[in-house]
Amino acid sequence: DPSTLSPALDGVDIVLTAAHALMGKGRNSSENVDWKGHEFLIDAAKEAGVGHFIYTSAEMASPDSPLDFSRTKYAVEQYLANSGLSYTIIRPTAFMEWHAYRLLGQKILDNGRVSILGNGQAKVNFIAVRDVVAAVDAIIGDDRYRNKIIELSGPDSISRNEVAELFGKASGKPYKVGHVPIGMVRFLGAVMKPFHPGLARVMAFTILSEGKDSQASPADTIAKLGLKPTTIHAFIQSLIHKA
C-alpha cells in the first residue's frame, strides 16, 4: 500500500524485503505483491533517502523463465539495480523450513505419509532461513557486497525422495511415500490456474524441476561469508528434538 510506505521509511537507513506472494491471490496476488508492491517500496525508499536496499530474490530468477514468478523476481532485481539506490540482491535456494519441512517432513511427522509431486528424484539445494539471516548480517555494513547479486546455497543438494526418507527414519515410526504422476500434476495445474494461480505455480515449478537438478554451486554456500552452513541432517534433527 503506497500510502503506508513513507511513514514506515521515515529515518530508516537499511531496507530488507523478504515479502513474496507465490501462493497469493486477489489483493495479495503475485502481481500486486511481488511486482507492484516492490516497485512502490523501491520508489519510496529512494524518496526517503534510504542508504541501502537488500532484496530477497530467488535462485531461479530469470528473464526468460517459463514461470512468471521467476520472471517477476528478475524484473524487480533490474528495477532495483536501475533505481539509483545502493543495493544488494540475494538469491537463496529452497528454504528448508518450507520446501523440506512444510511440504514434506511435517506430513510424515504428523500423519506418517506424504505424496510427492512428480517422481521426486531431482536434486534440490536447501538452505536454512537462519543461515540466510546470518548471511544478511554479514552483508550489512560491508561495502564489498554493495551493488551486487549474491548467490546463497546450502551445503547439500538432495532429492525430495531422500528428504522424505530422512524424515521417516528420524520419526522412528512407519511411514509411506507416494507420488503424483507428472501428467496428473500438469492436468491439475491447468485446472487450478483460473481459481488458484499460486497452487498452479507450484505445479508448474514441479514440472520444470522434474529431472533437472539444482544448479547451485558448492562455491556459493554461506561458508564463503565465513559462516557454517546448516546441513539438512542437522535441520531435521533439530526439529525432532523440539518435538
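W98 sits in helix α4, which covers residues 96–111; helices here are DSSP runs of H or I with at least four residues, strands are E runs of at least two, and both are numbered from the N terminus. The model is a predicted one, in which local features need pLDDT of at least 70 and side-chain atom pairs count only at pLDDT 80 or more, while totals for chains, interfaces and linings use all residues. Residues are numbered from 1 along each chain as its sequence is written, and side-chain values use heavy atoms, leaving out hydrogens and water.

With a relative accessible area of 33%, W98 is partly exposed (buried means under 20%, exposed over 50%, and partly exposed in between, with a 1.4 Å probe and protein chains only). Together with M23 and L103, W98 forms a nonpolar surface patch of about 240 Å² accessible area. Patch members have over 30% relative accessible area and no salt bridge, and nonpolar side chains are joined within 5 Å (like charges within 9 Å). A salt bridge would be a side-chain nitrogen of Lys or Arg within 4 Å of a carboxyl oxygen of Asp or Glu.

## Two aromatic pairs

The structure has two aromatic pairs. Rings of Phe, Tyr and Trp (its six-membered ring) pair if their centres lie within 6.5 Å; planes under 30 degrees apart are stacked, over 60 edge-to-face, and the rest tilted. The W35 and Y79 ring centres are 5.8 Å apart with planes at 80°, so this pair is edge-to-face. W35 belongs to helix α2 (residues 30–48) and Y79 to helix α3 (residues 68–81), 44 residues apart.

In the other pair, Y101 and F167 have ring centres 6.4 Å apart and planes at 35°, so the pair is tilted. Y101 is in helix α4 and F167 in helix α6 (residues 160–171), so parts 66 residues apart in sequence are tied together. Y101 is partly exposed at 21%, whereas F167 is buried at 0% relative accessibility.

## The nonpolar cores

A nonpolar core is a set of buried Ala, Val, Leu, Ile, Met, Phe, Trp, Tyr and Cys residues joined through side-chain atoms within 4.5 Å. In the largest one, of 17 residues, M96, F126, V163, F167, I232 and F235 touch the most other members. Elements giving two or more residues to this core are α4, β5 (113–117), α6 and α9 (232–242).

A separate core has 15 residues, including A44, V50, L80 and Y87.

## T206 in helix α8

T206 lies in helix α8 (residues 197–209) and is buried, at 4% relative accessible area. Beyond residues up to four places away in sequence, T206 touches L117, G118, R160, I182 and V185, where contact means heavy atoms within 4.5 Å.

Key
Areas by Shrake-Rupley, 256 points an atom, 1.4 Å probe, with all protein chains shown as cover.
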